[in-house]
Amino acid sequence: MTTTTEARIAALRADPAMSLLHRSLDVYYGDPQRDARMDAFYSRFVTSGDLVFDIGSHVGDHIGSFRRLGARVVAVEPQPLCLRALRTIYADDDQVTLVEGACGAAAGSTRLHVNSANPTVSTASSDFVRAAQGAGGWESQVWDGDIEVPVVTVDALIHEYGVPSFTKIDVEGFEDEVLAGLSRPLPALSFEFTTIARAVAYRCLDRLTALGFDGFDVALGDDKSMTFERWLPASDMAAHLRDLPHGTNSGDVYCVSRGGLRQPPPHDDPKRQ
């Protein structure tokens with residue numbers, strides 16, 4: 001991070017009005033080793049001059065990684081508090097475009113269920129909120145507010161900003177709705193899955209296969225390392241997700257379309273050396 005960025009994050013951490021994001025800021029900023037792992041991992045998808053979509057940006061740590069790799073970033077985030085943090089952190093970066101809203105199947109608006117104590121799991125999916133009720137590991141999560149937010153499609157983002165080399169989708173059980181708003185294959189993307197809502201992941205895999213994506217791998221939790229280090233067919237990925245224990249909780253499925261990937265040697269991750 002630059003000195004200016006560090007100062008802005010320090011100011012956010014000291015701001016009582018941002019208290020609900022203080023934990024996220026502590027977790028996602030200020031760890032150079034974590035930043036280096038992220039950069040090494042995403043370098044297989046992103047290079048200087050690329051365009052990246054970050055859908056569900058939260059406090060923007062992934063924006064930081066994509067920018068360190070030299071990419072332009074279009075970041076989509078519906079939560080006002082998170083947007084305030086993003087506007088502060090990336091205030092003078094003209095290579096970061098912030099879009100206020102959610103991504104979905106069609107333009108319009110939707111209700112965002114806000115978890116004020118843990119904003120990172122706020123969601124536009126009522127099914128996700130229901131799935132979390134009584135689920136192991138989710139007992140303390142409460143969605144205690146609702147706000148109406150605008151919805152934009154991925155197709156509309158492409159029309160306005162161009163075709164991204166990589167798209168990150170992390171929207172807490174609404175990933176299938178995001179992909180319903182995409183009508184073409186892209187070089188590469190990722191979508192988050194959770195073990196309380198595996199059906200969402202299966203629908204994502206079906207949608208991506210129909211769009212022409214033909215290679216899939218997965219990273220579990222917040223660990224930026226691939227499980228297989230090779231591209232599986234969607235059927236094998238669905239079977240793998242089905243067999244994961246509940247305690248796995250979450251991860252990200254990485255997806256590529258034929259001929260669209262720039263990939264360095266599979267064991268370039270510094271965590272594996």
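This is a predicted model: local features need pLDDT of at least 70, side-chain atom pairs count only at pLDDT 80 or more; totals for chains, interfaces and linings use all residues.
1. Overall build. The protein chain has ten helices and ten strands. Its C-alpha trace spans about 50 × 40 × 40 Å along the principal axes. For 273 residues, a compact globule would have a radius of gyration near 19 Å, and the 18 Å of the protein chain agrees with that. Of the 273 residues, 53% count as buried.

2. Strand β7 and its partners. Strand β7 covers residues 166-169. On one side of the pairing, strand β1 (residues 51-55) runs parallel to β7, with four bridges between the two; I55 has I169 of β7 as its bridge partner. Strand β8 also runs parallel to β7, joined to it by three bridges. Here I169 has F191 in β8 as its bridge partner. From β7 the chain passes through helix α8 (residues 175-180) to reach β8, and this β-α-β crossover is right-handed.

3. Side chains of β7. In a regular strand the side chains alternate between the two faces of the sheet. In β7, F166 and K168 point one way, while T167 and I169 point the other way. Are these residues buried or exposed? All of them are buried, K168 included.

4. The three-stranded sheet. An open sheet has the strand order β4-β6-β5, and its pairing is mixed. Strands β4 and β5 (108-114) stand at the edges with a single partner strand each, so one side of each has no neighbour in the sheet. The pairing of β5 with β6 (residues 145-152) is antiparallel and runs over seven bridges. Within it, G108 has V151 of β6 as its bridge partner.

5. Residue Q133. Q133 sits in the loop between α6 (126-132) and β6. Why is Q133 classed as exposed? The cut-off for exposed is over 50% relative accessible area, and Q133 is exposed because its value is 59%. The C-alpha atom of Q133 is 39 Å from that of A7, and the two residues are 126 apart along the chain.

6. The largest pocket. About 920 Å³ of space lies in the largest pocket. It is lined by 45 residues, and those closest to its centre are Y28, T120, D170, E172 and E192. Several elements each supply at least two residues of this lining, among them α3 (32-42), β2 (72-77), β8 (188-194) and β10 (250-257). The largest share comes from α2, which gives four residues. By class, the lining has 15 nonpolar, 19 polar and eleven charged residues.

7. The second largest pocket. This pocket holds about 340 Å³ of space. Of its 17 lining residues, T2, T5, G64, R67 and Y90 are the closest to the centre. Which helix gives the most to this lining? Helix α4 does, with four residues. Helices α1 (3-14) and α4 each supply at least two residues here. The lining residues divide into five nonpolar, five polar and seven charged.

8. Elements to look at again. Helix α4 (61-68) supplies at least two residues to the lining of the largest pocket, and at least two to that of the second largest pocket. Strand β8 takes part in the parallel pairing with β7, and also supplies at least two residues to the lining of the largest pocket.

Methods: Residues are numbered from 1 along each chain as its sequence is written. Side-chain values use heavy atoms; hydrogens and water are left out. On a 1 Å grid over the protein atoms alone, a cavity is a set of points where a 1.4 Å probe fits but cannot get out, and a pocket is an open set with protein on both sides within 12 Å along at least five of seven lines; lining residues have an atom within 4 Å of a point. Grid points are joined across faces, edges and corners, and a volume is the space filled by probe spheres set on the points. Ala, Val, Leu, Ile, Met, Phe, Trp, Tyr, Cys and Pro count as nonpolar, Asp, Glu, Lys and Arg as charged, and the others, Gly among them, as polar. Two strands pair if DSSP finds at least two bridges between them. Buried means under 20% relative accessible area, exposed over 50%, partly exposed in between (1.4 Å probe, protein chains only). A crossover is right-handed if, with the strands pointing away from the viewer, the path from the first strand over the helix to the second runs clockwise. The radius of gyration is taken over C-alpha atoms; the globule rule is 2.2 Å times the number of residues to the power 0.38.
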